[in-house]
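Please look at the sequence and the model first, then read the points by topic.

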Amino acid sequence: MTNMLRSRWWSWGFRSAVMLYFVLLIVFPILGIYGQSLSDGWNAFVHNLTEPIAWKAVMLTVKLALIATAVNVLIGTMAAWVLIRYRFPGRSFLNSLVDLPFALPTAVVGLMILLLLGPRSWVGQGAEQLGFTILFHEPAIVVAMVFVTFPFVIRAIQPLLEELDPSEEEASYTLGASKAKTFFRVILPSMVPGIVSGAMLVFSRSLAEFGAVVLVAGNIPAKTLVASVYIFGEIESDNPAGAAAVSVLLLTFSFVILWIVNYMQTRRTNG
Amino acid sequence: MRRLWIGLTYIVFGLLLIVPVVRIAAGAWEEGWRGFAAGLTRPEALHALMMTGIIAVAVTLINTLFGVMLAVYLVRAKWLRPQLKRLLNSIVDLPFAVSPIIGGLMIVLLLGPETTLGALLGRMGVDIVYALPGMLIATLFVTFPLVIREVMPVLQEIGTQQEEAAHMLGAYPWTTFWRVTWPSIRWSVVYGVVLTVSRCLGEFGAVLVVSGNILFKTQTATTLVYQDVENFNLTEANSVALVLAAASIGLLLFMEWAKSRNSAGRHG
(Lines give C-alpha, C1' and ligand atoms only; values in the text may rest on other atoms or scores of the structure.)
Protein backbone atom coordinates (compact mmCIF):
# COMPACT_ATOMS: atom_id res chain seq x y z
CA MET A 1 0.00 0.00 0.00
CA THR A 2 2.71 2.48 0.95
CA ASN A 3 4.53 1.52 -2.19
CA MET A 4 1.51 2.28 -4.35
CA LEU A 5 0.90 5.53 -2.56
CA ARG A 6 4.46 6.55 -3.09
CA SER A 7 4.31 5.71 -6.76
CA ARG A 8 1.11 7.76 -7.12
CA TRP A 9 2.78 10.74 -5.43
CA TRP A 10 5.77 10.33 -7.68
CA SER A 11 3.75 10.24 -10.86
CA TRP A 12 1.69 13.22 -9.72
CA GLY A 13 4.91 15.10 -9.03
CA PHE A 14 6.34 14.26 -12.45
CA ARG A 15 3.17 15.32 -14.19
CA SER A 16 3.05 18.68 -12.46
CA ALA A 17 6.77 19.30 -13.00
CA VAL A 18 6.59 18.58 -16.72
CA MET A 19 3.42 20.61 -17.26
CA LEU A 20 4.78 23.49 -15.20
CA TYR A 21 8.00 23.46 -17.23
CA PHE A 22 5.98 23.48 -20.45
CA VAL A 23 3.78 26.38 -19.38
CA LEU A 24 6.57 28.47 -17.85
CA LEU A 25 9.01 27.99 -20.72
CA ILE A 26 6.69 28.21 -23.73
CA VAL A 27 3.24 29.58 -22.92
CA PHE A 28 4.21 32.23 -20.40
CA PRO A 29 6.77 34.11 -22.57
CA ILE A 30 4.44 34.15 -25.59
CA LEU A 31 1.56 35.52 -23.55
CA GLY A 32 4.02 37.95 -21.98
CA ILE A 33 5.03 39.51 -25.28
CA TYR A 34 1.43 39.96 -26.40
CA GLY A 35 0.63 41.49 -23.02
CA GLN A 36 3.62 43.82 -23.14
CA SER A 37 2.91 45.11 -26.63
CA LEU A 38 -0.71 45.91 -25.75
CA SER A 39 0.01 47.15 -22.22
CA ASP A 40 -0.07 50.81 -23.24
CA GLY A 41 -3.28 50.36 -25.14
CA TRP A 42 -4.19 49.70 -28.74
CA ASN A 43 -3.28 53.19 -29.94
CA ALA A 44 0.27 52.95 -28.67
CA PHE A 45 0.58 49.57 -30.35
CA VAL A 46 -0.60 50.94 -33.69
CA HIS A 47 1.61 53.97 -33.25
CA ASN A 48 4.69 51.78 -32.67
CA LEU A 49 3.83 49.74 -35.72
CA THR A 50 3.14 52.62 -38.11
CA GLU A 51 6.35 54.39 -37.25
CA PRO A 52 7.85 54.87 -40.75
CA ILE A 53 11.06 52.91 -40.12
CA ALA A 54 9.25 50.02 -38.47
CA TRP A 55 6.61 49.81 -41.17
CA LYS A 56 9.16 50.01 -43.99
CA ALA A 57 11.20 47.25 -42.33
CA VAL A 58 8.12 45.02 -42.17
CA MET A 59 7.17 45.70 -45.79
CA LEU A 60 10.74 45.11 -46.98
CA THR A 61 10.86 41.81 -45.11
CA VAL A 62 7.55 40.67 -46.59
CA LYS A 63 8.68 41.61 -50.10
CA LEU A 64 12.04 39.85 -49.86
CA ALA A 65 10.49 36.81 -48.16
CA LEU A 66 8.04 36.50 -51.05
CA ILE A 67 10.92 36.58 -53.56
CA ALA A 68 12.82 33.97 -51.54
CA THR A 69 9.69 31.81 -51.41
CA ALA A 70 9.25 32.00 -55.20
CA VAL A 71 12.91 31.04 -55.76
CA ASN A 72 12.71 28.14 -53.36
CA VAL A 73 9.45 26.84 -54.80
CA LEU A 74 11.09 26.66 -58.22
CA ILE A 75 14.42 25.10 -57.28
CA GLY A 76 12.88 23.00 -54.49
CA THR A 77 10.28 21.45 -56.78
CA MET A 78 12.95 20.69 -59.34
CA ALA A 79 15.36 19.21 -56.81
CA ALA A 80 12.68 17.08 -55.13
CA TRP A 81 11.62 15.75 -58.54
CA VAL A 82 15.15 14.93 -59.61
CA LEU A 83 16.10 13.34 -56.28
CA ILE A 84 13.04 11.05 -56.21
CA ARG A 85 12.54 10.24 -59.89
CA TYR A 86 16.02 9.86 -61.31
CA ARG A 87 18.81 7.46 -60.39
CA PHE A 88 22.21 9.01 -61.00
CA PRO A 89 25.64 8.97 -59.40
CA GLY A 90 25.78 11.09 -56.25
CA ARG A 91 22.02 11.04 -55.68
CA SER A 92 22.13 9.93 -52.04
CA PHE A 93 24.96 12.36 -51.37
CA LEU A 94 22.88 15.26 -52.68
CA ASN A 95 19.92 14.00 -50.70
CA SER A 96 21.87 14.18 -47.45
CA LEU A 97 23.21 17.59 -48.40
CA VAL A 98 19.66 18.96 -48.46
CA ASP A 99 19.55 19.23 -44.67
CA LEU A 100 22.82 21.13 -44.46
CA PRO A 101 21.23 24.60 -44.17
CA PHE A 102 19.27 23.43 -41.10
CA ALA A 103 22.42 22.07 -39.49
CA LEU A 104 24.69 25.06 -40.07
CA PRO A 105 24.61 27.86 -37.50
CA THR A 106 22.96 30.92 -39.05
CA ALA A 107 25.85 33.19 -38.09
CA VAL A 108 28.16 30.87 -40.04
CA VAL A 109 25.80 31.06 -43.01
CA GLY A 110 25.94 34.84 -42.84
CA LEU A 111 29.73 34.75 -42.84
CA MET A 112 29.78 32.37 -45.84
CA ILE A 113 27.59 34.66 -47.91
CA LEU A 114 29.62 37.64 -46.83
CA LEU A 115 32.81 35.98 -48.07
CA LEU A 116 31.29 34.71 -51.30
CA LEU A 117 29.47 37.81 -52.43
CA GLY A 118 31.65 40.48 -50.85
CA PRO A 119 33.31 43.24 -52.87
CA ARG A 120 36.63 41.36 -52.89
CA SER A 121 35.16 38.12 -54.27
CA TRP A 122 34.82 37.60 -58.01
CA VAL A 123 31.03 37.44 -57.78
CA GLY A 124 30.99 40.80 -56.06
CA GLN A 125 33.43 42.29 -58.55
CA GLY A 126 31.48 40.94 -61.50
CA ALA A 127 28.27 42.44 -60.19
CA GLU A 128 30.08 45.71 -59.55
CA GLN A 129 31.12 45.87 -63.20
CA LEU A 130 27.54 45.26 -64.25
CA GLY A 131 26.63 48.23 -62.12
CA PHE A 132 25.04 46.86 -58.98
CA THR A 133 26.23 45.62 -55.60
CA ILE A 134 25.03 42.46 -53.94
CA LEU A 135 26.44 42.60 -50.45
CA PHE A 136 24.70 44.92 -48.00
CA HIS A 137 21.86 45.26 -50.50
CA GLU A 138 18.61 43.43 -51.16
CA PRO A 139 20.06 40.58 -53.28
CA ALA A 140 22.28 39.42 -50.42
CA ILE A 141 19.28 39.31 -48.07
CA VAL A 142 17.35 37.18 -50.57
CA VAL A 143 20.34 34.83 -50.95
CA ALA A 144 20.53 34.44 -47.16
CA MET A 145 16.80 33.71 -46.95
CA VAL A 146 16.94 31.21 -49.82
CA PHE A 147 19.87 29.39 -48.22
CA VAL A 148 18.42 28.95 -44.74
CA THR A 149 15.00 27.83 -46.03
CA PHE A 150 16.31 25.58 -48.82
CA PRO A 151 15.22 22.21 -47.30
CA PHE A 152 11.56 23.07 -46.60
CA VAL A 153 10.04 22.69 -50.08
CA ILE A 154 12.13 19.63 -50.98
CA ARG A 155 11.31 17.82 -47.76
CA ALA A 156 7.61 18.63 -48.10
CA ILE A 157 7.34 17.33 -51.68
CA GLN A 158 9.49 14.19 -51.43
CA PRO A 159 7.03 12.03 -49.43
CA LEU A 160 4.20 12.96 -51.79
CA LEU A 161 6.20 11.92 -54.84
CA GLU A 162 7.16 8.67 -53.16
CA GLU A 163 3.54 7.87 -52.38
CA LEU A 164 2.34 8.70 -55.88
CA ASP A 165 0.73 5.66 -57.47
CA PRO A 166 2.59 4.84 -60.70
CA SER A 167 -0.57 3.35 -62.22
CA GLU A 168 -2.16 6.82 -62.51
CA GLU A 169 0.78 7.99 -64.55
CA GLU A 170 0.76 4.86 -66.68
CA ALA A 171 -2.96 5.27 -67.30
CA SER A 172 -2.32 8.80 -68.52
CA TYR A 173 0.36 7.58 -70.95
CA THR A 174 -1.83 4.71 -72.13
CA LEU A 175 -4.61 7.15 -72.89
CA GLY A 176 -2.20 8.94 -75.18
CA ALA A 177 -1.18 11.96 -73.09
CA SER A 178 2.22 13.47 -73.74
CA LYS A 179 4.94 13.63 -71.10
CA ALA A 180 4.34 17.31 -70.45
CA LYS A 181 0.60 16.86 -70.26
CA THR A 182 0.96 13.97 -67.80
CA PHE A 183 3.27 16.07 -65.67
CA PHE A 184 0.96 19.05 -65.50
CA ARG A 185 -2.34 17.15 -65.22
CA VAL A 186 -1.37 14.13 -63.09
CA ILE A 187 1.90 14.61 -61.25
CA LEU A 188 1.89 18.31 -60.47
CA PRO A 189 -1.56 18.29 -58.78
CA SER A 190 -0.38 15.61 -56.39
CA MET A 191 2.67 17.71 -55.53
CA VAL A 192 0.69 20.87 -54.87
CA PRO A 193 -0.05 20.25 -51.16
CA GLY A 194 3.67 19.80 -50.54
CA ILE A 195 4.57 22.87 -52.56
CA VAL A 196 2.03 24.97 -50.67
CA SER A 197 2.99 23.86 -47.17
CA GLY A 198 6.70 24.03 -48.02
CA ALA A 199 6.26 27.52 -49.43
CA MET A 200 4.44 28.67 -46.32
CA LEU A 201 7.22 27.36 -44.09
CA VAL A 202 9.79 29.10 -46.30
CA PHE A 203 7.89 32.35 -46.05
CA SER A 204 7.48 32.11 -42.29
CA ARG A 205 11.13 31.26 -41.71
CA SER A 206 12.28 34.03 -44.06
CA LEU A 207 10.25 36.57 -42.10
CA ALA A 208 11.89 35.38 -38.90
CA GLU A 209 15.48 34.92 -40.09
CA PHE A 210 18.05 36.98 -38.24
CA GLY A 211 21.52 35.46 -37.98
CA ALA A 212 22.27 35.03 -41.66
CA VAL A 213 20.62 38.30 -42.63
CA VAL A 214 22.14 40.64 -40.03
CA LEU A 215 25.67 39.99 -41.30
CA VAL A 216 24.95 40.52 -45.01
CA ALA A 217 22.27 43.21 -44.97
CA GLY A 218 23.53 46.74 -44.69
CA ASN A 219 20.94 47.38 -41.98
CA ILE A 220 20.29 50.90 -43.27
CA PRO A 221 16.88 52.05 -41.98
CA ALA A 222 14.14 52.13 -44.63
CA LYS A 223 16.49 50.57 -47.20
CA THR A 224 18.05 47.30 -46.09
CA LEU A 225 16.77 46.99 -42.53
CA VAL A 226 14.58 43.90 -42.18
CA ALA A 227 12.07 43.37 -39.40
CA SER A 228 14.11 41.02 -37.22
CA VAL A 229 17.13 43.32 -37.33
CA TYR A 230 14.84 46.27 -36.58
CA ILE A 231 13.60 44.41 -33.48
CA PHE A 232 17.18 43.75 -32.41
CA GLY A 233 18.06 47.42 -32.88
CA GLU A 234 15.08 48.55 -30.80
CA ILE A 235 16.07 46.18 -27.99
CA GLU A 236 19.63 47.50 -28.08
CA SER A 237 18.45 51.11 -28.00
CA ASP A 238 16.16 50.33 -25.07
CA ASN A 239 12.78 50.62 -26.74
CA PRO A 240 11.14 47.31 -25.80
CA ALA A 241 7.65 48.58 -26.64
CA GLY A 242 8.61 49.28 -30.25
CA ALA A 243 10.36 45.93 -30.50
CA ALA A 244 7.37 44.12 -28.99
CA ALA A 245 4.87 45.70 -31.40
CA VAL A 246 6.74 44.53 -34.52
CA SER A 247 7.39 41.16 -32.86
CA VAL A 248 3.71 40.60 -32.21
CA LEU A 249 2.90 41.32 -35.85
CA LEU A 250 5.53 38.83 -37.06
CA LEU A 251 4.54 36.24 -34.46
CA THR A 252 0.88 36.38 -35.41
CA PHE A 253 1.84 35.92 -39.06
CA SER A 254 4.01 32.89 -38.26
CA PHE A 255 1.49 31.28 -35.90
CA VAL A 256 -1.28 31.53 -38.49
CA ILE A 257 0.98 29.97 -41.12
CA LEU A 258 2.07 27.20 -38.75
CA TRP A 259 -1.52 26.33 -37.90
CA ILE A 260 -2.56 26.25 -41.55
CA VAL A 261 0.33 23.92 -42.36
CA ASN A 262 -0.49 21.65 -39.41
CA TYR A 263 -4.16 21.62 -40.37
CA MET A 264 -3.30 20.68 -43.95
CA GLN A 265 -1.04 17.88 -42.77
CA THR A 266 -3.53 16.33 -40.35
CA ARG A 267 -6.26 16.53 -42.98
CA ARG A 268 -4.00 14.76 -45.46
CA THR A 269 -3.00 11.96 -43.08
CA ASN A 270 -6.58 11.47 -41.89
CA GLY A 271 -8.17 11.67 -45.32
CA MET B 1 15.57 16.31 -70.74
CA ARG B 2 16.58 14.03 -67.90
CA ARG B 3 20.23 15.07 -68.26
CA LEU B 4 19.25 18.71 -68.16
CA TRP B 5 17.33 18.39 -64.89
CA ILE B 6 20.05 16.36 -63.18
CA GLY B 7 22.65 18.85 -64.36
CA LEU B 8 20.61 21.80 -63.13
CA THR B 9 20.15 20.16 -59.74
CA TYR B 10 23.89 19.60 -59.47
CA ILE B 11 24.49 23.25 -60.34
CA VAL B 12 21.99 24.50 -57.74
CA PHE B 13 23.41 22.25 -55.02
CA GLY B 14 26.96 23.13 -55.97
CA LEU B 15 26.46 26.89 -55.99
CA LEU B 16 24.14 27.08 -53.04
CA LEU B 17 25.51 24.44 -50.68
CA ILE B 18 28.95 23.16 -51.60
CA VAL B 19 30.74 26.35 -52.69
CA PRO B 20 29.91 28.28 -49.46
CA VAL B 21 31.20 25.48 -47.22
CA VAL B 22 34.39 25.17 -49.26
CA ARG B 23 34.81 28.93 -49.16
CA ILE B 24 34.66 29.05 -45.37
CA ALA B 25 37.18 26.23 -45.08
CA ALA B 26 39.47 28.04 -47.51
CA GLY B 27 38.97 31.30 -45.63
CA ALA B 28 40.11 29.78 -42.36
CA TRP B 29 43.31 28.53 -44.04
CA GLU B 30 44.06 31.82 -45.76
CA GLU B 31 46.94 32.46 -43.39
CA GLY B 32 47.85 28.81 -43.10
CA TRP B 33 47.60 26.51 -40.12
CA ARG B 34 49.00 29.22 -37.87
CA GLY B 35 46.31 31.71 -38.72
CA PHE B 36 43.66 29.09 -38.08
CA ALA B 37 45.22 27.99 -34.78
CA ALA B 38 45.79 31.58 -33.66
CA GLY B 39 42.17 32.45 -34.38
CA LEU B 40 41.01 29.48 -32.40
CA THR B 41 43.34 29.66 -29.39
CA ARG B 42 42.65 33.30 -28.65
CA PRO B 43 41.51 33.49 -25.01
CA GLU B 44 38.17 34.96 -26.05
CA ALA B 45 37.61 32.16 -28.57
CA LEU B 46 38.39 29.49 -25.97
CA HIS B 47 36.06 31.13 -23.49
CA ALA B 48 33.31 31.45 -26.10
CA LEU B 49 33.65 27.79 -27.09
CA MET B 50 33.49 26.83 -23.42
CA MET B 51 30.28 28.82 -22.95
CA THR B 52 28.76 27.14 -26.00
CA GLY B 53 29.79 23.75 -24.60
CA ILE B 54 28.24 24.43 -21.18
CA ILE B 55 25.00 25.58 -22.76
CA ALA B 56 24.87 22.61 -25.13
CA VAL B 57 25.38 20.05 -22.35
CA ALA B 58 22.95 21.60 -19.86
CA VAL B 59 20.21 22.34 -22.38
CA THR B 60 20.43 18.92 -24.00
CA LEU B 61 20.15 17.17 -20.64
CA ILE B 62 17.16 19.21 -19.48
CA ASN B 63 15.26 19.17 -22.75
CA THR B 64 15.84 15.47 -23.34
CA LEU B 65 14.47 14.61 -19.91
CA PHE B 66 11.43 16.87 -20.12
CA GLY B 67 10.96 16.23 -23.82
CA VAL B 68 10.71 12.46 -23.44
CA MET B 69 8.33 12.76 -20.48
CA LEU B 70 6.13 15.31 -22.23
CA ALA B 71 6.03 13.19 -25.39
CA VAL B 72 4.93 10.17 -23.32
CA TYR B 73 2.21 12.23 -21.61
CA LEU B 74 0.96 13.80 -24.84
CA VAL B 75 0.59 10.41 -26.48
CA ARG B 76 -0.38 8.15 -23.57
CA ALA B 77 -1.76 10.10 -20.63
CA LYS B 78 -5.34 9.29 -19.75
CA TRP B 79 -5.53 12.19 -17.31
CA LEU B 80 -5.38 14.73 -20.15
CA ARG B 81 -8.60 15.23 -22.06
CA PRO B 82 -8.23 14.76 -25.86
CA GLN B 83 -9.08 18.40 -26.62
CA LEU B 84 -6.47 19.59 -24.13
CA LYS B 85 -3.96 17.18 -25.63
CA ARG B 86 -4.58 18.56 -29.09
CA LEU B 87 -4.15 22.11 -27.83
CA LEU B 88 -0.90 21.30 -26.01
CA ASN B 89 0.29 19.42 -29.06
CA SER B 90 -0.09 22.47 -31.27
CA ILE B 91 1.60 24.68 -28.67
CA VAL B 92 4.70 22.44 -28.71
CA ASP B 93 5.57 23.65 -32.22
CA LEU B 94 5.35 27.35 -31.41
CA PRO B 95 9.09 27.85 -30.79
CA PHE B 96 9.67 26.80 -34.42
CA ALA B 97 7.50 29.70 -35.55
CA VAL B 98 9.08 32.26 -33.24
CA SER B 99 12.00 34.23 -34.63
CA PRO B 100 15.02 33.64 -32.36
CA ILE B 101 15.29 37.39 -31.85
CA ILE B 102 11.71 37.47 -30.59
CA GLY B 103 12.41 34.47 -28.34
CA GLY B 104 15.21 36.45 -26.75
CA LEU B 105 13.04 39.55 -26.48
CA MET B 106 10.37 37.56 -24.62
CA ILE B 107 12.87 36.59 -21.95
CA VAL B 108 14.20 40.15 -21.65
CA LEU B 109 10.63 41.42 -21.30
CA LEU B 110 9.77 38.86 -18.60
CA LEU B 111 12.98 38.63 -16.64
CA GLY B 112 15.02 41.69 -17.60
CA PRO B 113 16.48 43.90 -14.87
CA GLU B 114 13.64 46.43 -15.28
CA THR B 115 10.82 43.95 -14.75
CA THR B 116 9.39 43.13 -11.31
CA LEU B 117 10.44 39.50 -11.49
CA GLY B 118 13.92 40.35 -12.73
CA ALA B 119 14.41 43.06 -10.11
CA LEU B 120 13.29 40.70 -7.37
CA LEU B 121 15.72 38.01 -8.49
CA GLY B 122 18.43 40.64 -8.92
CA ARG B 123 18.04 41.72 -5.31
CA MET B 124 18.47 38.10 -4.30
CA GLY B 125 21.72 38.08 -6.25
CA VAL B 126 20.54 36.05 -9.23
CA ASP B 127 21.08 37.65 -12.61
CA ILE B 128 19.05 36.12 -15.40
CA VAL B 129 19.41 38.44 -18.36
CA TYR B 130 22.96 39.26 -19.49
CA ALA B 131 24.12 36.15 -17.60
CA LEU B 132 24.25 32.39 -18.08
CA PRO B 133 20.74 31.55 -16.74
CA GLY B 134 19.06 33.74 -19.34
CA MET B 135 21.13 32.18 -22.12
CA LEU B 136 20.12 28.73 -20.89
CA ILE B 137 16.44 29.68 -20.82
CA ALA B 138 16.67 31.16 -24.33
CA THR B 139 18.29 28.02 -25.71
CA LEU B 140 15.84 25.77 -23.85
CA PHE B 141 12.98 27.69 -25.45
CA VAL B 142 14.39 27.43 -28.95
CA THR B 143 15.23 23.71 -28.77
CA PHE B 144 12.10 22.66 -26.89
CA PRO B 145 10.18 20.92 -29.72
CA LEU B 146 13.08 18.91 -31.16
CA VAL B 147 13.09 15.84 -28.89
CA ILE B 148 9.29 15.80 -28.55
CA ARG B 149 8.76 15.88 -32.32
CA GLU B 150 11.13 12.95 -32.84
CA VAL B 151 9.71 10.78 -30.05
CA MET B 152 5.95 11.34 -30.43
CA PRO B 153 5.43 9.67 -33.84
CA VAL B 154 7.32 6.57 -32.71
CA LEU B 155 5.22 6.29 -29.55
CA GLN B 156 2.08 6.57 -31.66
CA GLU B 157 3.34 3.96 -34.08
CA ILE B 158 4.30 1.28 -31.55
CA GLY B 159 0.88 1.37 -29.89
CA THR B 160 0.04 0.33 -26.34
CA GLN B 161 -0.30 -3.46 -26.59
CA GLN B 162 3.11 -4.37 -25.22
CA GLU B 163 2.89 -1.80 -22.45
CA GLU B 164 -0.53 -3.11 -21.45
CA ALA B 165 0.80 -6.66 -21.43
CA ALA B 166 3.64 -5.62 -19.13
CA HIS B 167 1.19 -3.85 -16.88
CA MET B 168 -1.11 -6.89 -16.77
CA LEU B 169 1.82 -9.06 -15.82
CA GLY B 170 2.30 -6.82 -12.81
CA ALA B 171 5.21 -4.61 -13.85
CA TYR B 172 5.57 -1.22 -12.18
CA PRO B 173 5.20 1.82 -14.47
CA TRP B 174 8.94 2.45 -14.23
CA THR B 175 9.81 -1.13 -15.14
CA THR B 176 7.37 -0.97 -18.04
CA PHE B 177 8.94 2.22 -19.28
CA TRP B 178 12.52 1.01 -19.10
CA ARG B 179 11.98 -2.54 -20.31
CA VAL B 180 9.22 -2.04 -22.87
CA THR B 181 8.85 1.56 -24.04
CA TRP B 182 12.44 2.78 -23.87
CA PRO B 183 13.99 0.16 -26.21
CA SER B 184 11.60 1.15 -29.00
CA ILE B 185 11.96 4.91 -28.65
CA ARG B 186 15.72 4.83 -27.96
CA TRP B 187 16.85 5.81 -31.45
CA SER B 188 14.31 8.57 -31.84
CA VAL B 189 15.60 10.03 -28.57
CA VAL B 190 19.12 9.87 -30.02
CA TYR B 191 17.94 11.76 -33.12
CA GLY B 192 16.27 14.35 -30.93
CA VAL B 193 19.46 14.73 -28.87
CA VAL B 194 21.59 15.19 -32.00
CA LEU B 195 19.23 17.85 -33.33
CA THR B 196 19.20 19.58 -29.95
CA VAL B 197 22.98 19.63 -29.64
CA SER B 198 23.31 20.93 -33.18
CA ARG B 199 20.78 23.69 -32.55
CA CYS B 200 22.49 24.63 -29.25
CA LEU B 201 25.85 24.99 -30.99
CA GLY B 202 24.30 27.15 -33.68
CA GLU B 203 21.81 29.24 -31.73
CA PHE B 204 22.52 32.89 -32.34
CA GLY B 205 19.64 35.36 -32.33
CA ALA B 206 18.03 34.47 -29.01
CA VAL B 207 21.37 34.16 -27.23
CA LEU B 208 22.63 37.45 -28.67
CA VAL B 209 19.65 39.37 -27.30
CA VAL B 210 19.68 37.72 -23.88
CA SER B 211 23.43 37.58 -23.33
CA GLY B 212 24.35 41.13 -24.28
CA ASN B 213 27.42 39.53 -25.92
CA ILE B 214 29.83 40.50 -23.13
CA LEU B 215 33.44 39.53 -23.84
CA PHE B 216 34.80 36.83 -21.50
CA LYS B 217 31.46 36.62 -19.75
CA THR B 218 28.49 35.75 -21.89
CA GLN B 219 30.01 35.51 -25.34
CA THR B 220 29.30 32.24 -27.16
CA ALA B 221 30.95 30.87 -30.27
CA THR B 222 28.27 32.19 -32.64
CA THR B 223 28.13 35.64 -31.07
CA LEU B 224 31.94 35.76 -31.24
CA VAL B 225 31.76 35.08 -34.99
CA TYR B 226 29.25 37.92 -35.26
CA GLN B 227 31.47 40.30 -33.33
CA ASP B 228 34.57 39.34 -35.33
CA VAL B 229 32.73 40.03 -38.57
CA GLU B 230 31.51 43.38 -37.28
CA ASN B 231 35.15 44.21 -36.41
CA PHE B 232 36.36 42.95 -39.82
CA ASN B 233 38.49 40.19 -38.25
CA LEU B 234 37.47 37.84 -41.03
CA THR B 235 40.25 35.26 -40.58
CA GLU B 236 39.53 34.88 -36.87
CA ALA B 237 35.82 34.71 -37.58
CA ASN B 238 36.53 32.02 -40.16
CA SER B 239 38.42 29.75 -37.82
CA VAL B 240 35.66 29.72 -35.18
CA ALA B 241 33.02 29.40 -37.90
CA LEU B 242 34.87 26.48 -39.42
CA VAL B 243 34.87 24.65 -36.09
CA LEU B 244 31.12 25.25 -35.71
CA ALA B 245 30.45 24.20 -39.29
CA ALA B 246 32.55 21.05 -38.90
CA ALA B 247 30.70 20.13 -35.69
CA SER B 248 27.28 20.59 -37.27
CA ILE B 249 28.23 18.72 -40.44
CA GLY B 250 29.63 15.92 -38.26
CA LEU B 251 26.36 15.69 -36.34
CA LEU B 252 24.40 15.69 -39.61
CA LEU B 253 26.54 12.85 -40.98
CA PHE B 254 26.11 10.87 -37.74
CA MET B 255 22.35 11.30 -38.04
CA GLU B 256 22.35 10.12 -41.67
CA TRP B 257 24.48 7.13 -40.73
CA ALA B 258 22.25 6.16 -37.81
CA LYS B 259 19.08 6.55 -39.87
CA SER B 260 20.34 4.46 -42.78
CA ARG B 261 21.65 1.81 -40.37
CA ASN B 262 18.31 1.59 -38.59
CA SER B 263 16.17 1.49 -41.70
CA ALA B 264 18.46 -1.17 -43.19
CA GLY B 265 18.11 -3.20 -39.99
CA ARG B 266 14.33 -2.95 -40.08
CA HIS B 267 14.03 -4.19 -43.64
CA GLY B 268 16.67 -6.89 -43.52
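**Helix packing between the chains**

In helix 3 of chain A, the residues A:Ile75, A:Met78, A:Ala79, A:Val82 and A:Leu83 meet B:Trp5, B:Ile6, B:Leu8, B:Thr9, B:Val12, B:Phe13 and B:Leu16 in helix 1 of chain B. Sorted by class, this contact of helix 3 of chain A with helix 1 of chain B has 11 nonpolar residues, one polar residue and no charged residues. The model is a predicted one.

**Geometry of the pair across the interface**

- The crossing in which helix 3 of chain A passes helix 1 of chain B is left-handed.

**The interface as a whole**

- Chain A gives 72 residues to the contact, and chain B gives 69 residues.
- About 6600 Å² is buried between chain B and chain A, and carbon and sulfur atoms give 83% of that area.

**Packing of helix 3 within chain A**

- Helix 3 of chain A also packs with helix 11 of chain A, which covers residues 179–208.
- The angle between helix 3 of chain A and helix 11 of chain A is about 140 degrees, and their axes are 9 Å apart.
- That angle makes helix 3 of chain A oblique to helix 11 of chain A.
- Helix 3 of chain A and helix 11 of chain A cross in a right-handed way.
- On the side of helix 3 of chain A, the residues in this contact are A:Thr61, A:Val62, A:Ala65, A:Leu66, A:Ala68, A:Thr69, A:Asn72, A:Val73, A:Thr77 and A:Trp81.
- They meet A:Phe183, A:Ile187, A:Met191, A:Ile195, A:Ala199, A:Val202, A:Phe203, A:Ser206 and A:Leu207 in helix 11 of chain A.
- By class, the contact of helix 3 of chain A with helix 11 of chain A has 14 nonpolar, five polar and no charged residues.

**Chain B overall**

- Chain B has 13 helices and zero strands.
- Along the sequence, its pattern reads α-α-α-α-α-α-α-α-α-α-α-α-α.
- Taken along the principal axes, the C-alpha atoms of chain B fill a box of roughly 65 × 65 × 35 Å.

Key:
Residues are numbered from 1 along each chain as its sequence is written. Chains are lettered from A and ligands numbered from 1 in the order in which they are written. This is a predicted model: local features need pLDDT of at least 70, side-chain atom pairs count only at pLDDT 80 or more; totals for chains, interfaces and linings use all residues. Side-chain values use heavy atoms; hydrogens and water are left out. A crossing is left-handed if the near helix is turned anticlockwise from the far one by less than a right angle, and right-handed if clockwise. Helices (H or I, at least four residues) and strands (E, at least two) are DSSP runs, numbered from the N terminus. Contact means heavy atoms within 4.5 Å. Ala, Val, Leu, Ile, Met, Phe, Trp, Tyr, Cys and Pro count as nonpolar, Asp, Glu, Lys and Arg as charged, and the others, Gly among them, as polar. Buried area is the accessible area (1.4 Å probe) that two parts lose on being put together, summed over both. Axes are lines fitted to C-alpha atoms, for helices over the stretch in contact, and angles run from 0 to 180 degrees between N-to-C directions. Angles under 35 degrees count as roughly parallel, over 145 as roughly antiparallel, 65 to 115 as roughly perpendicular and the rest as oblique.
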